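Here is a friendly walk through one model, from its charged pairs to its backbone details and its surface. Keep the viewer open as you read.

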Amino acid sequence: MSAILVLLPVLPGGSGAFLAVAGRRTRGFAPGAAVAVAAVTLVLAVAAAVTRPEVSVPLFAGLRSGAAIDGLSAVMAVTVAAVTLAVLVYAAGEMRDEESRGRFFGLMLLFAGSMLVTVTAADLALLLMAWEVMGAMSYALIGFWWRAPERVTAADVAFVTTRAGDLGLYLSAGVAVAATGSLGLAGLPDAARPWRDLAAAGIVLAALGKSAQLPFSFWLSRAMAGPSAVSALLHSATMVAAGAYLLLRTQPLLAATGWAAALVSWTGALTALALGAVAVAQRDLKQLLAASTCAQLGFMVLAAGAGAVAGGAAHLVAHAAVKSLLFLGAGAWLAALGTKDMGELHGAARRFPLVGAAFAVGGLALAGLPPFSLWVTKDAVLAVVADESVPLHLVSYAAALLATAYAVKAVVAVRLPADAATRHDTERPGTGRVGPLERLPMPALALVAALFGLVGLPAAFSGWSRLAGGPAHPGPGLVALLLSGVLAVAVALAVRVAMPVIRRRRLAAPGVLREWLLLERGARAVVWRPLVALARALARFDDRVIDGFVGSVPRVGVGLAALTRRRLEKPVDGAVRLVAAGAAGLGTLARRPQTGQVHTYFAQVAVALLVLAVVVALVV
């Protein structure tokens with residue numbers, strides 16, 4: 001059974017690497033091959049969810065690494081594989097022949113493979129490896145159209161921001177080895193203080209950064225520079241969901257620290273509220289969907305902090321279907337009509353009825369309107385939050401009502417009849433059509449978006465809770481569901497009535513909301529510019545002090561050599577010549593007694609003996 005678990009990420013990862021490296025030579029068959037690989041991957045994910053395989057291998061001396069499928073990872077693996085298949089089918093119709101289709105589909109499959117490793121990893125070592133590949137692939141996909149400088153800059157911002165948070169995983173891995181002697185996630189809640197707190201801090205930092213929670217949310221706005229299929233995959237069920245999934249996975253650790261659970265809960269609730277307001281203020285459809293993604297992920301992060309693991313997992317799956325559907329709809333209209341400005345998209349849903357109907361289902365589900373999925377899954381989270389903290393529940397409820405406002409705004413904008421403001425091809429030349437492959441995945445996603453909320457009903461929620469794991473909590477109550485449904489309908493009606501008035505009076509939202517709370521400006525002012533200034537100061541210090549010192553060493557050596565040559569060379573040479581002359585003189589004197597005559601040698605010996613006798617006599 002472990003072969004299934006190994007093949008699950010290796011098949012898309014290996015196929016993606018081949019397509020990406022082969023490049024243009026695979027342009028003709030890359031879309032079909034990628035869709036086929038994604039379909040087989042979905043079959044493998046379902047098989048793994050049923051059989052629950054495990055695999056473990058030695059990593060270093062005394063440390064092991066491995067992967068396993070339990071209830072929560074089974075849900076995520078199937079979700080990732082299903083959304084990947086739907087998005088790649090859409091992309092097979094959207095990506096034109098002149099695009100680098102081999103590279104695109106290869107990167108998408110590599111990303112999906114890394115995400116599958118992320119959701120099945122049982123330890124921090126394997127998680128880190130997959131986390132890094134996922135970040136690198138997201139950078140390459142967001143900046144896919146690399147000839148446009150603004151798109152590359154957007155990819156840079158997204159990559160650097162998420163990488164700042166990713167450093168927390170390295171901290172957690174080091175702490176895990178120091179505290180428990182292993183890299184396993186399961187043992188972290190039992191670690192002693194302060195190791196447990198440090199591990200939790202690292203995981204929270206990495207998860208909040210990856211899931212675009214406050215204060216990291218702005219990178220998701222920048223990520224909209226990538227192709228629509230990239231937004232549909234990365235920002236629905238995979239990359240941004242990875243942080244929320246990690247928090248749900250490590251919920252026992254958050255609860256064990258106490259402070260981490262509270263921090264995560266409030267961060268999720270405030271992100272849902274603040275980014276909901278940002279979404280309401282947007283005119284760009286993809287920007288509205290991006291801000292709503294941050295807000296909806298806030299509910300999942302809130303669920304992890306409050307211990308509502310089952311509700312958070314249900315919301316994650318439902319949101320994956322809803323948001324991938326909405327991004328695909330927005331992408332289809334952008335490709336066909338050449339714009340994503342909601343003021344220019346009036347009549348789009350009427351012109352393309354299937355896309356419009358599917359988008360409406362996704363939008364109404366995002367709004368939390370009954371009987372669609374997020375109405376139930378959201379309340380499954382809020383029911384637990386209500387028992388935890390009244391202020392937290394009020395903030396979360398306000399965020400839920402804002403979700404109704406921004407979702408209904410998007411649905412109404414594309415369903416209004418075409419008028420004088422309707423324009424096409426303002427951002428790029430449109431094709432005027434939505435192909436069959438682009439439409440094909442939308443009905444299936446709409447079906448899940450409409451019906452997945454059934455898992456939150458009382459008859460099914462207990463089984464779902466056992467599957468997802470986490471603390472036992474009852475599902476949303478009937479009264480709470482009815483109340484939230486009535487309030488959502490009231491807000492939806494208010495938005496529908498207000499939109500023509502707002503447009504007629506040309507009322508604009510505050511700039512601080514349109515520009516994502518100025519989060520990127522704040523990050524540049526508070527973090528980026530000081531870091532750049534520090535780097536430049538260190539570079540100047542290196543150039544002028546360190547390099548100056550290093551350069552002075554040979555200069556001093558050369559100067560000492562020159563001084564030595566001028567002051568010491570002649571005396572030393574004179575001493576050397578004097579020694580040589582003395583040795584030569586002694587040699588000359590030593591040659592004189594060497595006459596070759598025997599009687600001379602006898603006379604010399606006699607003299608030597610006489611001298612020796614005198615010396616002995618004097619000494620004794």
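## Salt bridges across the sequence

Aspartate 341 counts as buried, at 19% relative accessibility; buried means under 20% relative accessible area, exposed over 50%, and partly exposed in between (1.4 Å probe, protein chains only). The model is a predicted one, in which local features need pLDDT of at least 70 and side-chain atom pairs count only at pLDDT 80 or more, while totals for chains, interfaces and linings use all residues. Residues are numbered from 1 along each chain as its sequence is written, and side-chain values use heavy atoms, with hydrogens and water left out.

What does aspartate 341 pair with? Its salt-bridge partner is arginine 283, with the closest N and O atoms 2.9 Å apart. A salt bridge here is a side-chain nitrogen of Lys or Arg within 4 Å of a carboxyl oxygen of Asp or Glu. Arginine 283 sits in the loop between helix H12 (259-281) and helix H13 (285-306), and aspartate 341 in the loop between helix H14 (309-337) and helix H15 (348-351), so the pair ties together parts that are 58 residues apart in sequence. Helices (H or I, at least four residues) and strands (E, at least two) are DSSP runs, numbered from the N terminus. Arginine 283 is exposed, with a relative accessible area of 52%.

Searching the whole structure gives 12 salt bridges. One of them joins arginine 249 to aspartate 70, whose closest N and O atoms are 2.5 Å apart. Because arginine 249 lies in helix H10 (residues 239-249) and aspartate 70 in the loop between strand S2 (63-68) and helix H3 (71-94), this pair links parts that are 179 residues apart in sequence. Both ends are partly exposed: arginine 249 at 23% relative accessibility and aspartate 70 at 30%.

Glutamate 515 and arginine 521 also meet through their side chains in a salt bridge (2.9 Å, N to O). Here glutamate 515 is partly exposed at 40% relative accessibility, whereas arginine 521 is exposed at 54%. Elsewhere, salt bridges with shared partners connect Glu132, Arg163, Asp166 and Lys210 into one network.

## Backbone details

Two cis peptide bonds deserve a look. One runs from arginine 193 to proline 194, with omega near 5 degrees, and proline 194 is in the loop between helix H6 (149-180) and helix H7 (195-210). The other runs from proline 370 to proline 371, with omega near 5 degrees; proline 371 belongs to the loop between helix H16 (353-366) and H17.

Tryptophan 516 is a residue other than glycine with a positive phi, near 55 degrees, and it lies in the loop between helix H23 (511-514) and H24. Leucine 518, also not a glycine, has a positive phi of about 55 degrees and is found in the loop between H23 and H24. Is each residue buried or exposed? Tryptophan 516 is buried, with a relative accessible area of 4%, while leucine 518 is partly exposed at 31%.

## A nonpolar surface patch

Phe541, Val545, Ile546, Phe549, Val550 and Val553 make up a nonpolar patch on the surface, with about 570 Å² of accessible area together. Patch residues have over 30% relative accessible area and no salt bridge; like charges are joined within 9 Å and nonpolar side chains (Val, Leu, Ile, Met, Phe, Trp, Tyr) within 5 Å. Areas come from the Shrake-Rupley method with a 1.4 Å probe, and for residues only the protein chains shown count as cover. Isoleucine 546 is part of helix H24 (residues 519-567) and is partly exposed, with a relative accessible area of 38%.
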